[in-house]
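Please read the following explanation with the sequence and the model side by side. It goes from strands to sheets, then to helices, and ends with single residues.

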Amino acid sequence: MSYFCKKHITTKLSKISIVLPVISGIFIIAFLAYIGGAQNISEHINRDVADVAVVEDYNYLEAESEDAPIGIIKEYTFNVSETMGKDTYLAFYTVHQYAEVYVDNQLIYSMKPSGISFIKTIGSNWSMIPVYREDAGKEICVKIIPAYESFRNRHVEFLIGSRLDIFMNRLKKDWPQLILSALTICVGMAFVIIALYKRFNERDDEGLAALGLFSAMLGVWRLTDTRFTPFLAPDKPVLMFYISLSMMMIGIIPLIKSMEKRFNKKSRFILDCYCIAASVLCIVQLVLQLFCGVDFRETIVVTHALIGAGAVLVLANVFYDRAKNNCIHGDVLAKKGYIGYLILIIGVLADILTFYIIKTSSGLLFTLMAMLVYIILTGINMMFHYVEQERQLTESRISTMISQIKPHFIYNTLGSIEQLCEIQPEEAAKLVHNFAHYLRGNFSELDNYAPILLSKEIEHTRYYVSIEQVRFPDMKIKFDLKSSDFLIPALSVQPLVENSIKHGLMKLTKGGMVTVSSYETESDYCVEVSDNGAGFNTSVLVDEREHVGLRNIRGRVEAMCGGTLIVESKPGTGTKVTISIPKEARG
C-alpha cells in the first residue's frame with residue numbers, strides 16, 4: 001500500500017473518530033432532553049407538614065409479587081410510638097427502587113416510573129414523607145420494589161428528622177465529592193476557553209479542548225452521582241441518573257482524543273479505532289434502551305469493560321511508544337506525562353474494582369482525584385508548551401525576517417537600480433516598485449502571527465524573482481499553481497526559491513529553472529519548489545543547527561499548520577522541497 005493511500009486511510013479514520021462521537025453525543029443529548037422534558041416519576045403525597053414522631057425500629061419481610069419488575073417486594077414495618085417535634089420527616093434513599101408508604105394500610109406515598117414506556121428505573125432519589133403527631137401507635141409499612149435483580153439485596157436506611165437536618169447530614173457526607181466535581185467542571189471550562197482562544201488565533205490546541213471537555217464531563221458525572229444531588233433536582237431523578245451514566249459512557253472518548261497527538265501514527269490509528277468502537281457501542285446501547293427495553297444500567301458491565309479496555313490500551317501505547325521512539329519523538333508533554341498516565345489508569349481501575357465490591361459508585365473518589373491530578377498537570381503542561389511554542393515562533397519570525405535582509409542582496413539590487421536609471425528608467429522604476437514590495441513583505445512577517453493564503457506568499461515570491469531575473473536574465477522561474485486557496489506560514493515558499501537559486505542554479509555554468517507548483521491530494525494541500533541545479537547529498541541536513549533557515553520553515557509549518565517539510569535531492573540532478581498541509585488543519 002502506497003504512502004499516500006495509507007495516509008488517506010489514516011486521515012479518514014481520524015475524521016470518523018471525531019465525527020462519530022459527535023453524532024453519538026448528539027443522540028445522547030436528544031435522549032436526555034426528551035427525558036428532561038417528560039414526566040419521569042409519579043409521586044403522590046396527601047399530607048401537609050405537621051408535628052411528627054421519631055421512628056426507631058422496623059421489621060423486614062420479603063414477599064413475592066408477579067407485578068414487581070423482578071418478582072419481589074421488600075416490606076419494612078414499624079410503629080410511631082413517641083412524641084415528635086415539628087417538621088419531622090421519614091426519609092429514605094432509594095437507588096433503582098420504587099417505593100410505597102402505608103399508614104394503617106392506607107397508602108400515603110408512592111414513587112414509580114411514569115410517562116416514558118422504555119424507562120424502567122426512577123434513578124436515585126430521596127423520599128421525604130411528613131408524619132403527624134396522631135400517627136403515634138399506628139403501623140407504618142414501607143414497600144421497596146427493586147427495578148433490577150442486581151438491587152435485590154440493596155440496604156435501605158431510614159432517617160428521622162427535619163428536612164433541613166436530613167439535608168445537612170447528607171451534605172456533610174458528600175461535600176468532598178461535590179467540591180471536587182465542581183472544581184473539575186471549572187477546570188474543564190477554563191481549558192476549553194483557552195483552547196478556543198488558541199483556535200481563534202489559528203493555533204493547534206494540541207488536544208486541550210478535548211481534555212477540557214473530558215474534565216467537564218467527568219465533573220458532571222461525579223456531581224450527578226452523589227446522594228446529595230437529588231435534593232437539588234427532586235423532580236428529575238431519572239434525568240440525573242441518565243446524565244450521570246451518559247457522561248460515563250462517552251466521556252472516555254474526549255480523553256482519548258486529548259492524548260492522541262502525543263503518540264506515533266500507529267498508536268493514533270489504534271486509538272482512533274477505539275473511539276469509533278466506543279461511539280458505536282454508545283449508539284447500540286441507546287438503540288437497545290429505546291426499542292428493546294434494555295436499560296443503560298443493565299449494560300453498565302459493557303461500559304465498564306470498555307473504559308477498562310481504554311485504560312489498558314492507553315497504558316500499552318505509552319510503553320510501546322516509549323520503547324520504540326524514546327519518549328515519543330522527544331515531545332515535552334510526553335516526557336512529563338508517564339506518571340500522569342499511571343495515576344489516571346490506576347484511579348480508573350481502582351474505581352471500577354471498588355464499584356463491584358461495594359455495589360455503588362457514590363462516594364468513590366479514586367477516579368475523580370486521579371483524573372483531576374492528571375487533567376491539571378496535563379493542562380498546565382499544554383499551556384506552558386503553548387507559551388514556549390509562541391516564543392519559538394516569534395524567534396523564528398524574527399530570525400527569518402533578518403535572514404532575508406542580506407546586505408549583499410540589497411547592495412546588488414540598489415546597484416542594478418542605479419545602472420537602469422541611466423539606460424532604462426522605466427525598468428528602474430519597476431525594479432524599485434518590486435524591491436519596495438519585497439522589503440514590505442519581509443518586514444510584515446514580524447506581525448504575521450497566523451498563516452496567510454498561499455496566493456499572498458506567491459505574490460511576495462514573484463517580487464523576489466523579478467529582482468533576481470534582472471541580474472540573471474537566463475534564469476527561468478515557472479509557477480504551476482493548481483491550488484492556492486489554503487493557508488501557509490508567511491515567508492515559507494520565497495526562502496525555498498531563494499535557496500534553489502543560490503545553492504542550485506548559481507552553481508551551474510548558465511541557465512537553470514526553478515519550478516514552484518501547488519496541488520492538493522485527498523488529505524493534503526501541497527507546495528513544491530524544485531530546481532534542476534547542482535543538487536546535494538541530503539545527509540548534510542541531519543544536523544539542522546547548521547541550516548537555520550530550513551529549520552525555521554519546518555518548525556513554523558509544523559507548529560502553525562500541523563504540516564511537514566520534506567527535502568529530496570541528488571548531486572548533479574537537482575533538489576525538490578515539498579510542504580504538505582493537512583486539509584483538516586485548514587483555517
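The model is a predicted one, in which local features need pLDDT of at least 70 and side-chain atom pairs count only at pLDDT 80 or more, whereas totals for chains, interfaces and linings use all residues. Residues are numbered from 1 along each chain as its sequence is written, and side-chain values use heavy atoms, with hydrogens and water left out.

The partner of β15 is strand β16 (residues 574–582), and the two pair in the antiparallel sense over 7 bridges, where pairing requires that DSSP finds at least two bridges between two strands. Within this pair, isoleucine 566 stands opposite threonine 578 of β16. The two strands form a hairpin with 3 residues between them, and in the turn glycine 572 has a positive phi of about 80 degrees.

Strand β14 (residues 524–531) pairs with β16 in the antiparallel sense over 8 bridges, and tyrosine 525 stands opposite isoleucine 581 in β16.

Another open sheet, of 3 strands, has the order β7-β4-β9 with antiparallel pairing. Here the edge strands are β7 (124–130) and β9 (158–161), each pairing on one side only, and the twist averages 25 degrees from one strand to the next. Strand β4 (residues 89–95) is joined to β7 by 7 bridges, the two running antiparallel, and tyrosine 93 has tryptophan 126 of β7 as its bridge partner. Helix α2 (residues 163–200) packs on the sheet and touches β4, β7 and β9, its direction making about 155 degrees with that of β7.

In helix α2 lies aspartate 174. Is this aspartate 174 buried or exposed? Aspartate 174 is buried, with a relative accessible area of 4%, on a scale where buried means under 20%, exposed over 50% and partly exposed in between (1.4 Å probe, protein chains only). Apart from its neighbours within four places in sequence, aspartate 174 is in contact with Thr226, Arg227 and Phe228.

Two further helices can be followed as a pair. Two packed helices are described by the angle between their axes and the distance between the axes. Helix α5 (residues 237–259) and helix α6 (residues 265–292) pack at an angle of about 165 degrees, with their axes 8 Å apart. That makes α5 roughly antiparallel to α6, given that angles under 35 degrees count as roughly parallel, over 145 as roughly antiparallel, 65 to 115 as roughly perpendicular and the rest as oblique. The residues making the contact include Tyr242, Met249 and Ile250 of α5, and Leu271, Asp272 and Tyr274 of α6. By type, the residues of this contact divide into 11 nonpolar, 3 polar and 2 charged, where Ala, Val, Leu, Ile, Met, Phe, Trp, Tyr, Cys and Pro count as nonpolar, Asp, Glu, Lys and Arg as charged, and the others, Gly among them, as polar.

Some loop residues remain. Most residues other than glycine have a negative phi, and most peptide bonds are trans. Aspartate 104, in the loop between β5 (97–103) and β6 (106–113), has a positive phi near 50 degrees although it is a residue other than glycine, and it is partly exposed, with a relative accessible area of 42%. Asparagine 105, placed in the loop between β5 and β6, has a positive phi of about 65 degrees and is not a glycine; asparagine 105 is exposed, with a relative accessible area of 70%.

How values were computed: Helix = DSSP H or I, 4+ residues; strand = E, 2+ residues; numbered from the N terminus. Axes fitted to C-alpha atoms, helices over the stretch in contact; angles between N-to-C directions. Contact = heavy atoms within 4.5 Å.
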